Amino acid sequence: MTDTIIRVAARGDGVTADGRHAAFAAPGDILNADGTLSHGPHHQVPPCRHFPTCGGCQLQHLDDDSYAAFVTDRVASALDGQGLSAPMRVPHVSPPNTRRRATLHAEAKGGRIRLGFSEEKSHAIVDIAECHILRPELFALVTPLRGFLQRLGFKRRCDIHLAMADQGPDITITGFAPEGLDAAEAIIAFCERHKVARLSVDDGMGPETRWEPEPVTITLGGIPVPLPPGAFLQATEDGEATLVAAVGDAVGKAGTVADLFTGLGTFALALPARVYAAEGARDALLSLKAAANGAGRQVFAEHRDLYRRPLTKPELDRFDAIVLDPPRAGARDQAEALAQANVSAIAYVSCNPASFARDAKMLADHGWRIDWVQPVGQFRWSTHVELAARFVR
Ligand SMILES: C[S@@+](CC[C@H](N)C(=O)[O-])C[C@H]1O[C@@H](n2cnc3c(N)ncnc32)[C@H](O)[C@@H]1O
């Protein structure tokens, strides 16, 4: 018996019409009776030599059309699981080599430094020799970083967080904090040579910046915002632009907007409105405050834990529209208050279709309707899918 793969499930397996799963299968592939696959028109040759070992990309065997369809299907299936459906916009998928933030893992093994992403469902590190997702400026640091860690006498495991700031690469090393004059000289030499904008180390006491010749910023909504080491950034610039455009479209001409889980103000600074911005990370909030004040923008920023103290209905009712962009867990309590609120539109940005669908159900049960969903694949070739959605009544 043979069977055709009709879709790709949330975890990346191909699935046949009768529910059989096959790893590394694309829609249109044939699953033969002996369990082997015959490739169909949507199977592509994975571009990276580290596929499928490297856990960074699980879906490089899908061509662009079927990967884009997967991104949309992830959101539609999560909604379907809650008995909901919504008009889907054309998905945005970030092109290769556009990822501007990523965490690599490093370990010293057999006198060598291994540096790369983890293997799928494992702590083993893939010592990357190529990468088709990282921005070239960030990938260019990988080989020099191995030599740098060796030079510093690195002997354990650590994480290396890379981000692309306005001034160039921003590196935060967690789990290793080299000391002494030798280390200081090595850091300066490395950063000067590779045009690093900032290097911070964090051995458990918070990030300590060892190199930052000029203050590091990230431009959001046209305004340079001081970038705290390790702060949240949308994963790609084009993904951020897509989400910002969708949020702008969702809130329309709203004069007063609340931006909840605002981070550094990705949406707050892009909206032409008076914005109340709430965020739980104090360093991010202070950065946004300084940037907005400096630019004369009407952003009122509040340090607030929105899980413990979600905005109440009377607070929400003061706004024309609400933007929310919670972490992966979603925003159950905030959605509960929002469900009752008297605002004209809600822009819900999510990095987890499952928690989004759960919160959407709560809103739908109180008369809200999903006007549209914009699926976004910023983590190209991974199963990690994002979205922006507009809710109206
Ligand atoms: C997905 S990020 C979105 C950030 C921002 N909207 C953006 O696009 O850059 C989620 C944000 O929620 C913040 N956060 C996490 N838990 C929180 C809490 N309990 N209360 C308020 N903010 C929280 C994080 O610090 C992070 O900035």
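Modeller: Two strands pair if DSSP finds at least two bridges between them. Helices (H or I, at least four residues) and strands (E, at least two) are DSSP runs, numbered from the N terminus. This is a predicted model, in which local features need pLDDT of at least 70, side-chain atom pairs count only at pLDDT 80 or more, and totals for chains, interfaces and linings use all residues. Residues are numbered from 1 along each chain as its sequence is written.

Colleague: How many bridges join strand β1 to strand β2?

Modeller: Strand β1 covers residues 3–8 and strand β2 covers residues 14–16. V8 stands opposite G14 in β2. The two strands run antiparallel, and the number of bridges joining them is 3.

Colleague: Which are the edge strands of the open sheet of 5 strands?

Modeller: The order in this sheet is β3-β2-β1-β4-β5, with antiparallel pairing. An edge strand here pairs on one side only. The edge strands are therefore, as the order and the pairing show, β3 (21–22) and β5 (37–38).

Colleague: Is K121 buried or exposed?

Modeller: K121 lies in the loop between β8 (112–116) and α2 (136–139), and its phi is near 50 degrees, a positive value in a residue other than glycine. A residue is buried if 20 or more other C-beta atoms, placed from the backbone, lie within 10 Å of its own, exposed if 12 or fewer, and partly exposed in between. Because K121 has 7 C-beta neighbours inside 10 Å, it counts as exposed.

Colleague: Where is K195 found?

Modeller: K195 also has a positive phi, near 50 degrees. With 12 other C-beta atoms within 10 Å, K195 is exposed. Its place is the loop between α4 (181–193) and β11 (198–202).

Colleague: Which residue does a cis peptide bond join to F51?

Modeller: The omega of this bond is about 5 degrees.

Note on methods:
Rg over C-alpha atoms; globule rule 2.2 N^0.38 Å.
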